[in-house]
Amino acid sequence: MLFDLDGTLIDSALDLGDALNHVLTLNNKPTVDINTFRPWVSNGSIAMLKGGFGSEWEAFSQSDKKQLQHTFLSYYKTHLFNKTELYHGIHSLIIELEQQNIPWGIMTNKPSALTDPLIAQIEAFSSAIIVVSGDTLDVAKPSPRPLLYCAEKMNVEPHQCIYIGDDERDIIAGKAAKMHTAVAMWGYLNKDVAQFWQADYYAQNAQQLHNYILG
């Protein structure tokens, strides 16, 4: 069993949004509310900055863009777990996986410098067999390689795995790895678009996911 992190196991939107609004404030730009930035979260810091600055983003030099991203990530790294929380039902699902001796892990495109300290603060994740970040290998999702790496380390065949995520890249990577795929419909996605991803299952909440995994 493999999970994406942000938008699947945890709701980190408010902490990431605070990082974005910190950068916008420093640059005398209007802040954005959660309904605006929430759909940007799964696509990473650059997508959030691009959304926050709008058309002005493309006018920045590469050096300026890197500096803005650095400011964003530096702020976020010191505020990783202020408002972030597990989605409802996720902790219970993890406990059930443990009780059923079902190995599980996390595969996220979040860089390890952010993933590792965040995971360390969440006791429920201590039973994860493996945590793979976006820079653990030289490629990230939508490449299937990180998922295949996880399966190898967990000593399970890819076709025995289910990968759950809230972004199309998750489903593309999972299908390419020959894994079963499930969409976390509670995540940072456009539900109207997600229906075309051709995942094996669409879970509206953690209880539905529980039923899909454990029957």
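**Close-up 1. Ser42 sits in the loop between helix 2 (34-37) and helix 3 (44-53).** Keep in mind that this is a predicted model. Ser42 has a relative accessibility of 15%, so it counts as buried, the cut-off for that label being under 20%. Who does Ser42 touch, once neighbours within four places in sequence are left aside? Its contacts are Asp6, Asp166, Asp167, Arg169 and Tyr188.

**Close-up 2. Phe3 and Trp104 make an aromatic pair.** Across the model, the count comes to 7 aromatic pairs. In the one formed by Phe3 and Trp104, the rings are 5.9 Å apart, centre to centre, with 80 degrees between the planes, and the arrangement is edge-to-face.

**Close-up 3. Trp57 and Phe60 form an edge-to-face pair.** Here the ring centres lie 5.9 Å apart and the planes meet at 85 degrees. That angle is over 60 degrees, which is why the pair goes down as edge-to-face. Trp57 is buried, and Phe60 is buried too.

**Close-up 4. Phe3 and Trp104 turn up again, this time in a cluster.** Which residues make up this aromatic cluster? Phe3, Trp104 and Phe125 form it together.

Note on methods
Residues numbered from 1 in each chain as written. Predicted model: local features only at pLDDT ≥ 70, side-chain atom pairs only at ≥ 80, totals over all residues. Heavy atoms only, no water. Helix = DSSP H or I, 4+ residues; strand = E, 2+ residues; numbered from the N terminus. Buried < 20%, exposed > 50% of the residue type's maximum accessible area, 1.4 Å probe, protein only. Contact = heavy atoms within 4.5 Å. Phe/Tyr/Trp six-rings, centres within 6.5 Å; stacked < 30°, edge-to-face > 60°.
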